[in-house]
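Colleague: I have a chain open on my screen and would like to talk it through with you. Could you take me through the helices and a few single residues?

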Amino acid sequence: MSKSTKDHLLQTASSMMSDTPSSSISLRDFAEAAEVSKALLLKYFGSRSNFLIQVLEYERLKIEDMWSDVDENTSVEDLCLRLLTAFQINPRYFKLVTRLTLENTDPDVQRWLKERFIYGRIQKVVERLQSA
């Protein structure tokens with residue numbers, strides 16, 4: 001799949017999911033909106049779970065560089081500023097994460113949310129604050 005096709009599929013799904021719960025959107029709905037077949041979606045993403053994870057990853061990567069240098073010594077003020085800036089830059093990511101956290105019970109999606117969401121980047125800071 002070309003990068004532009006993949007980006008189109010992910011952007012279309014992201015847009016749809018920001019307005020409608022993912023549980024209410026079938027793979028066929030995603031495919032029709034992107035003007036591709038459901039079979040093509042499954043061919044490239046393998047499963048609905050993986051497709052949803054790739055949509056989240058697509059949005060997460062837009063703000064990933066903001067978190068690259070966070071470590072246990074990062075101040076709470078700096079974390080708050082980064083979080084607010086990330087939300088300002090990509091509010092859709094936070095909306096999708098919130099929706100999927102509350103509405104999606106798929107174990108693969110839930111695992112991704114625990115492992116990859118930005119809170120994983122600030123875990124050491126939180127631990128430092130809790131031990132203080």
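**Helix faces and single residues**

Modeller: Let me start with helix H2 (residues 27-34), where Leu 27, Phe 30, Ala 31 and Ala 34 are buried. Seen down the axis of H2, these buried residues fall within an arc of 95°, so they line one face of the helix. Please keep in mind throughout that this is a predicted model.

Colleague: And what do the buried residues of H2 pack against?

Modeller: They pack against helix H1 (3-19), helix H3 (38-45) and H4. From the H1 side, Thr 12, which is placed in that helix, is in contact with Ala 33 and Ala 34, once its neighbours within four places in sequence are left aside.

Colleague: Is Thr 12 buried or exposed?

Modeller: Thr 12 has a relative accessible area of 14%, so with the cut-off for buried set at under 20% it counts as buried. Its side chain also reaches the backbone oxygen of His 8, at 2.8 Å.

Colleague: Back to H2 for a moment: which residue follows it, and what is its phi?

Modeller: H2 is followed by Glu 35, whose phi is positive, near 60°. Glu 35 lies in the loop between H2 and H3, and at 73% relative accessibility it counts as exposed.

Colleague: Let's step back to the whole chain. How many helices and strands are there?

Modeller: The protein chain has eight helices and zero strands, and from the N terminus on its elements run α-α-α-α-α-α-α-α. Along its principal axes the C-alpha trace spans about 55 × 30 × 25 Å.

Colleague: What share of the residues counts as buried, and what about the surface?

Modeller: Of the 132 residues of the protein chain, 36% count as buried. The accessible surface comes to about 7,700 Å², and 53% of that area belongs to carbon and sulfur atoms.

Colleague: How many positive and negative side chains are there, and how far apart are the centres of the two sets?

Modeller: There are 18 positive and 19 negative side chains in the protein chain, and the centres of the two sets lie 4 Å apart.

Colleague: Now helix H7. Which of its residues are buried?

Modeller: In H7 (residues 107-116), Val 109, Trp 112 and Leu 113 are buried. They cover an arc of only 100° around the axis, which puts them on the same side of H7. On the other side of H7, Pro 107, Lys 114 and Glu 115 are exposed.

Colleague: What do the buried ones pack against, and which residue caps the N-terminal end?

Modeller: The buried residues of H7 pack against H4 and helix H6 (91-103). The N-terminal end of H7 is capped by Asp 106, which has a side-chain oxygen 2.8 Å from the backbone nitrogen of Asp 108.

Colleague: Last one: where is Ile 89, and what does it touch?

Modeller: Ile 89 has its place in helix H5 (residues 76-89), and its contacts, not counting residues up to four places away in sequence, are with Ile 63 and Met 66. Ile 89 is also 27 residues from Lys 62 in sequence, while the two are 8.4 Å apart in space, C-alpha to C-alpha.

Colleague: Buried or exposed, that isoleucine, Ile 89?

Modeller: Ile 89 has a relative accessible area of 51%, and as exposed means over 50%, Ile 89 is exposed.

Methods. Residues are numbered from 1 along each chain as its sequence is written. This is a predicted model: local features need pLDDT of at least 70, side-chain atom pairs count only at pLDDT 80 or more; totals for chains, interfaces and linings use all residues. Side-chain values use heavy atoms; hydrogens and water are left out. Helices (H or I, at least four residues) and strands (E, at least two) are DSSP runs, numbered from the N terminus. Buried means under 20% relative accessible area, exposed over 50%, partly exposed in between (1.4 Å probe, protein chains only). Accessible areas come from the Shrake-Rupley method with a 1.4 Å probe; for residues, only the protein chains shown count as cover. Lys and Arg count as positive and Asp and Glu as negative; His and the chain ends are not counted. The place of a charge is taken as NZ of Lys, CZ of Arg, CG of Asp or CD of Glu. The arc is that of the directions from the helix axis to the C-beta atoms. Contact means heavy atoms within 4.5 Å. A polar contact is a pair of N or O atoms within 3.5 Å; within protein, one must be able to donate a hydrogen and the other to accept it, and residues adjacent in sequence count only if both atoms are side-chain atoms.
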